[in-house]
Amino acid sequence: MPMPSRRQSAALLTGTCLTLLAGCSDTAGAHSPAAASAIPVVASTNVYGDLARRIGGAKVQVTSIISDPDQDPHSYEANTRNQLLLSKAEVVIENGGGYDDFVDRMLKSAASSPDVINAVEVSGKTAPKGGELNEHVWYDFPTVAELADRIAAALGKTDPADAATFTQNAKDFVRLLRPLERKEARIKAEHGGEAVAITEPVPLYMIEASGLRNATPGEFSEAIEEGDDVSPRTLRSTLALFTGKQVEALVYNEQTSGPQTEKAERAAEAAGIPVVPVTETLPKGKDYLAWMTANVNALASALAK
């Protein structure tokens, strides 16, 4: 029996009362004296929650709906606790692009009208002709810089007295993003045009900014992202990238691995091709900048082998 696609699974998400999931959110400032007056911010994932905390500081109380690094965001099932959080939020940060549609559905039934920041809309990115939108825009550093400014503006609108602080915090964050863009430019200068393989489109913006070429059959990464079975022919073509040493690295989404992606990983390792693991949400103990620095450094190290 075929598994439902991730987008099909996302379309089934509802606000139906479910058992509260332990660790489904992370909150900053909940027990501080300023918590009562802090701006309530809800982010769909801890990626955006981390950005909001960095820009808002002690002036925000941030809850990330998805914060478990083992949780596949595509298949997340929203619950009544999420509904309550969204109803109290003054600022909501979502990814958009079909990634976290449960946020919009819940907001429609909420009595409040928070300032909603949609990262895909901020990015201005659209689907290529004849293709699908790559909604994983948090791997695109120029987009994240624009998003930081948009978050600062939303917080400043809610709390005008601290608007200058939010703006400065966003500027400081963007300044710290620049070294990551320079690292990508260095990879491009040293390895531009080299081919790599992926399991899903998650890291594609980083790969493209680094001047690398994605050699993976589109049917493979699309099927994996949708939760569908890869055809035998497509799987053979993908594995041939490693047995034939046609790529320099495999960038592997370890958050949504399965039998077919594991075959690709084993084939790469057997051929001596470096595997670069990536995730869709923040690993435990890391903030956005540390996470992305590790990702870019791992890609550079793999290509240098």
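Student: In which strand does Asp115 lie?

Tutor: A word on the basis comes before the reply: this is a predicted model, in which local features need pLDDT of at least 70 and side-chain atom pairs count only at pLDDT 80 or more, while totals for chains, interfaces and linings use all residues. Residues are numbered from 1 along each chain as its sequence is written, and side-chain values use heavy atoms, with hydrogens and water left out. Helices (H or I, at least four residues) and strands (E, at least two) are DSSP runs numbered from the N terminus, and the run of residues 115–118 that holds Asp115 is strand 4.

Student: Is Asp115 buried or exposed?

Tutor: Buried means under 20% relative accessible area, exposed means over 50%, and partly exposed is in between, with a 1.4 Å probe and protein chains only. Asp115 touches Glu90, Val91, Val92, Arg150, Ala154 and Lys157, not counting residues up to four places away in sequence, where contact means heavy atoms within 4.5 Å. Because its relative accessible area is 19%, Asp115 counts as buried.

Student: In what order do the strands of the sheet with strand 4 at an edge run?

Tutor: Two strands pair if DSSP finds at least two bridges between them, and three bridges join strand 1 (residues 39–45) to strand 3 (residues 91–94). Strand 2 (60–66) and strand 4 each have a single partner strand, so one side of each is left without a neighbour in the sheet. The sheet is open, its pairing is parallel, and its four strands follow the order 2-1-3-4.

Student: How is helix 3 oriented relative to helix 4?

Tutor: Axes are lines fitted to C-alpha atoms, for helices over the stretch in contact, and angles run from 0 to 180 degrees between N-to-C directions. Helix 3 (residues 80–88) and helix 4 (residues 101–108) pack at about 65 degrees with their axes 10 Å apart. Angles under 35 degrees count as roughly parallel, over 145 as roughly antiparallel, 65 to 115 as roughly perpendicular and the rest as oblique. Helix 3 is therefore, relative to helix 4, roughly perpendicular.

Student: Is Leu85 buried or partly exposed?

Tutor: Leu85 lies in helix 3 and touches Val42 and Thr63, not counting residues up to four places away in sequence. Because its relative accessibility is 22%, Leu85 counts as partly exposed.

Student: Is helix 6 roughly parallel or antiparallel to helix 7?

Tutor: The axes of helix 6 (residues 141–158) and helix 7 (residues 163–191) come within 9 Å and cross at roughly 175 degrees. That angle is why helix 6 counts, relative to helix 7, as roughly antiparallel.

Student: Which residue in strand 8 is the bridge partner of Tyr252?

Tutor: Another four strands form an open sheet with parallel pairing, in the order 6-5-7-8. Within that sheet, four bridges join strand 7 (residues 250–253) to strand 8. The bridge partner of Tyr252 in strand 8 is Pro277.
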